[in-house]
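Student: I have a new structure to look at, and I would like to learn how to read it. Could you guide me through it?

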Amino acid sequence: MKKNVLIIGAGGVARVVAHKCAQNNTVLGDIHIASRTLTKCQEIVASIHSFGNLEQPGVLQAHTLDALDVAATIELIRITGSQIVINVGSAFLNMSVLSACIATGAAYIDTAIHEEPGKVCETPPWYANYEWRRRDECRTAGVTAVLGIGFDPGVVNAYARLAKDEYFDRINSIDIIDTNAGKHGQYFATNFDPEINFREFIETVWSWQNNKWTANKMFEVRQEWDLPMVGTQTTYLTGHDELHSLSSIFDVPTIRFWMGFSDHYINVFTVLKRLGLLSINPATLQDGRMVVPLHMVKAVLPNPASLAPSYKGLTCIGTRVNGIKNGQQREVFIYNVSDHAKCYEEVGSQAISYTAGVPAAAAAVLIAKGTWDTGYMVNVEELPARPLLDLLNHMGLPTCVQDQDGNRPLQMSLLNFVNTKPSFEEEHILRAA
């Protein structure tokens with residue numbers, strides 16, 4: 001069994017990961033948090049103590065680290081005795097942190113695909129450009145590397161695996177739907193790192209359709225969905241991490257990702273892009289200084305973590321699967337609904353950070369217990385889904401299911417419903433039943 005966790009990063013998702021690891025430190029052991037800015041790590045440590053989220057008294061320490069420095073990361077892993085590293089810093093860090101884990105034998109966890117600062121929307125499948133090239137290194141070193149275990153990518157991949165294992169004989173299509181019906185009260189803000197957020201949308205939108213990669217422009221393809229608890233939501237076809245692993249690992253003709261955007265977001269995004277303010281290429285100011293326009297936009301927008309205190313409303317994220325079971329058409333929507341205010345009450349974060357951070361901490365628990373300690377590199381859909389989803393039910397992200405089987409009326413259920421005071425998700429299921 002592996003123990004002692006090093007969390008790299010000190011943003012909104014890292015905060016959630018740290019709180020959730022602290023809530024499970026009986027299993028995980030010592031908890032260390034590291035980033036370039038020590039005060040951010042210290043604030044997370046203080047918040048864990050103020051919320052009373054340590055499961056038992058134990059080591060909880062902050063450290064300074066530039067995770068692009070592989071040697072420094074190796075040294076910190078060894079000094080802290082960390083056997084599990086959770087990388088929730090920038091997506092630019094993945095390859096450096098993975099190198100440190102391979103060198104030390106520590107298990108590696110991340111929540112998003114690697115990116116290079118000078119490249120946007122590379123040739124699909126994206127995992128093949130970086131992470132998958134290091135599969136053999138991980139296997140030779142016996143290093144467990146669990147890729148993309150946030151919510152999307154991550155839990156939605158597990159939902160697809162659950163559908164494959166338990167609901168279908170053949171899957172024809174997978175649609176991942178990510179909607180946020182919450183309000184943060186700001187004129188304009190992104191729910192996670194603005195640079196990473198905008199980079200997803202400024203170039204080609206790739207989707208997997210009819211067994212081939214299909215290119216579209218952002219906001220070109222629109223779809224409305226009637227979703228549990230949040231009602232009708234407008235979404236747009238978007239490129240995203242999980243398409244690039246699911247299309248390679250599962251034999252499914254069509255896999256798409258849909259994200260909800262308001263008209264206001266689209267208008268602001270469009271103006272910024274047309275003005276060149278989302279460019280990743282440096283521009284020269286009148287005084288000769290160089291500035292990357294996207295970095296400037298990031299600097300003037302609200303810090304996503306600052307949105308949490310006033311955020312109200314719900315998120316609904318899930319995987320809609322169509323296919324055949326016992327010779328009949330079937331459609332299943334496997335999803336989670338989270339409440340921004342309830343997330344803030346528990347860990348001081350909004351639901352976008354919460355849904356991304358809790359699964360990474362759950363993966364650490366599963367590795368520590370040996371359930372997911374594979375000794376090689378995997379994407380989430382290559383692992384059994386039930387252990388993760390069962391654990392998430394107890395860690396704050398319960399899984400709900402809408403099941404339309406042939407001519408049978410819509411059935412709704414909550415996976416592994418426990419006989420305790422119902423959460424708001426459980427109350428929704430009970431009312432619907």
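Student: Is Cys41 buried or exposed?

Tutor: Let me start with the ground rules. This is a predicted model, in which local features need pLDDT of at least 70 and side-chain atom pairs count only at pLDDT 80 or more, while totals for chains, interfaces and linings use all residues. Residues are numbered from 1 along each chain as its sequence is written, and side-chain values use heavy atoms, with hydrogens and water left out. Now the idea: buried means under 20% relative accessible area, exposed over 50%, and partly exposed in between, with a 1.4 Å probe and protein chains only. Cys41 has a relative accessibility of 0%, so it counts as buried.

Student: How many helices and strands does the protein chain have?

Tutor: Helices (H or I, at least four residues) and strands (E, at least two) are DSSP runs, numbered from the N terminus. By that definition the protein chain has 15 helices and 19 strands. Its radius of gyration, taken over C-alpha atoms, is 21 Å, close to the 22 Å of the globule rule (2.2 Å times the number of residues to the power 0.38) for 433 residues, so the chain is as compact as a globular protein of that length. Of the 433 residues, 58% are buried.

Student: What is the strand order in the open sheet of seven strands?

Tutor: For pairing, DSSP must find at least two bridges between two strands. The order in this open sheet is 3-2-1-4-5-6-17, with parallel pairing. Strand 3 (60-64) and strand 17 (377-379) are at the edges with a single partner strand each, so one side of each has no neighbour in the sheet. Inside the sheet, strand 1 (residues 5-8) runs parallel to strand 4 (residues 84-87), joined by four bridges. Strand 1 also pairs in the parallel sense with strand 2 (residues 31-35), again over four bridges. Leu6 has Val85 as its bridge partner in strand 4 and His32 in strand 2.

Student: Which way do the side chains of strand 1 point?

Tutor: In a regular strand, side chains alternate between the two faces of the sheet. In strand 1, Val5 and Ile7 point one way and Leu6 and Ile8 the other, and all are buried.

Student: How many residues of helix 5 are buried?

Tutor: Eight of the eleven residues of helix 5 (residues 94-104) are buried, so this helix is largely enclosed by the rest of the structure. Among them are Met95, Val97, Leu98 and Cys101. Helix 5 is followed by Gly105, which has a positive phi near 85°.

Student: What does Ile196 touch?

Tutor: Contact means heavy atoms within 4.5 Å. Leaving out residues up to four places away in sequence, Ile196 touches Ala91, Phe92 and Glu115. Ile196 is in helix 8 (residues 194-199). The C-alpha atoms of Ile196 and Glu115 are 9.0 Å apart, although 81 residues separate the two along the chain.

Student: Which peptide bonds are cis, and which residues have a positive phi although not a glycine?

Tutor: Most residues other than glycine have a negative phi, and most peptide bonds are trans. A cis peptide bond joins Pro124 and Pro125, with omega about -5°, and another joins Asp152 and Pro153, with omega about 5°. Pro125 lies in the loop between strand 5 and helix 6 (135-141), and Pro153 in the loop between strand 6 and helix 7 (155-166). As for phi, Asn4 has a positive value of about 75°, and Asn211 one of about 65°. Asn4 is buried at 17% relative accessible area, whereas Asn211 is partly exposed at 46%.
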